[in-house]
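Please open the structure in your viewer and keep the selection tool at hand. The tour goes from stop to stop, and each stop begins with what to select.

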Amino acid sequence: MVRKKSGKYIYYICSTYKNSCGTHCCKNTINHKILNKILLKIVQDLISLLIYSKENLEKYKNLSCKKKKFLPFESSLKLNQKRLQEILFFKKSLYEDWKCNNISEEEYFNMKETYKKEEEKIRSIVLNIENQIQKENDTLFNTNFLLDDLIKYKNISTLYRELLVELVDEIIINSKKEIKIRFKIRDEYKVNRG
């Protein structure tokens with residue numbers, strides 16, 4: 001769409017038509033005020049829908065079905081954390097056993113090295129599980145799709161160019177004056193779920 005002015009009237013004309021000197025498209029035009037009013041209503045509706053979606057996702061975060069999804073991760077995390085505490089306890093008591101001559105120095109250092117390796121392995125497992133839980137949580141509840149920036153336009157009454165540039169990829173108006181708008185944002189749920 002290309003903005004044109006004819007006297008006191010402002011209108012938009014098909015950019016393909018203008019750039020090709022009328023050989024590739026027909027001269028679709030629309031009045032600036034009409035297009036502005038339609039776009040404003042669509043943008044208001046979109047922002048309301050996104051805010052409503054975010055509110056519902058926030059409510060969903062605490063539902064039991066979400067908790068069921070993380071149950072295997074959390075039970076594995078608890079088991080590994082418990083094992084880690086046991087290893088730390090054994091390492092501490094190992095030193096006491098050596099000092100009390102319950103085990104030899106060689107046994108002490110061998111067992112200490114074994115516990116050290118197991119501790120490192122379990123710490124790595126715990127970290128991976130925590131990262132996996134965080135990744136799943138982020139994927140499931142990613143509501144950052146422009147929403148934080150759009151909230152400032154919640155009660156918008158005038159259309160701003162910066163908002164249109166941020167939201168709209170393309171506006172198509174056919175010869176029947178039907179308007180199709182392709183937004184830059186996408187359905188994050190579909191993107192994250194594949």
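This is a predicted model: local features need pLDDT of at least 70, side-chain atom pairs count only at pLDDT 80 or more; totals for chains, interfaces and linings use all residues.

What follows is a walk through aromatic rings, charged pairs and a surface patch.

Residues are numbered from 1 along each chain as its sequence is written, and side-chain values use heavy atoms, with hydrogens and water left out.

**Aromatic rings**

Select Y95 and Y108, which form an edge-to-face aromatic pair with 6.2 Å from centre to centre and 65° between the planes. Rings of Phe, Tyr and Trp (its six-membered ring) count as a pair if their centres lie within 6.5 Å, and the planes are called stacked when under 30 degrees apart, edge-to-face when over 60 and tilted for the rest. Because Y95 lies in helix α3 (residues 64–99) and Y108 in helix α4 (residues 105–140), the pair ties together parts that are 13 residues apart in sequence. Helices here are DSSP runs (H or I, at least four residues), as are strands (E, at least two), and both are numbered from the N terminus.

Is Y108 buried or exposed? With a relative accessibility of 8%, Y108 counts as buried, whereas Y95 is partly exposed at 40%. Buried means under 20% relative accessible area, exposed means over 50%, and partly exposed lies in between (1.4 Å probe, protein chains only).

The search of the whole structure finds seven aromatic pairs.

Next select K99, whose charged end sits over the ring of W98, 4.4 Å from the centre of that ring. A charge sits over a ring if NZ of Lys or CZ of Arg is within 6 Å of the ring centre and within 35 degrees of the ring normal.

**Charged pairs**

Side chains of opposite charge can pair when their charged atoms come close. A salt bridge is a side-chain nitrogen of Lys or Arg within 4 Å of a carboxyl oxygen of Asp or Glu, and by this rule the count comes to seven.

Select R83 and E118, which form a salt bridge with their closest N and O atoms 2.9 Å apart. R83 belongs to helix α3 and E118 to helix α4, so this pair ties together parts that are 35 residues apart in sequence. R83 is partly exposed at 26% relative accessible area, and E118 is partly exposed at 24%.

Move along to R123 and E119, a salt bridge whose closest N and O atoms are 3.0 Å apart. The two residues are four apart in helix α4, and so R123 and E119 are separated by about one helical turn. Of this pair, R123 is partly exposed at 41%, while E119 is buried at 11%.

**Surface patch**

Finally, select I34, I38 and I42, which form a nonpolar patch on the surface with about 210 Å² of accessible area together. Patches are made of residues with over 30% relative accessible area and no salt bridge, where like charges are joined within 9 Å and nonpolar side chains (Val, Leu, Ile, Met, Phe, Trp, Tyr) within 5 Å. The areas come from the Shrake-Rupley method with a 1.4 Å probe, and for residues only the protein chains shown count as cover. I38 has its place in helix α2 (residues 32–60) and counts as partly exposed at 30% relative accessibility.
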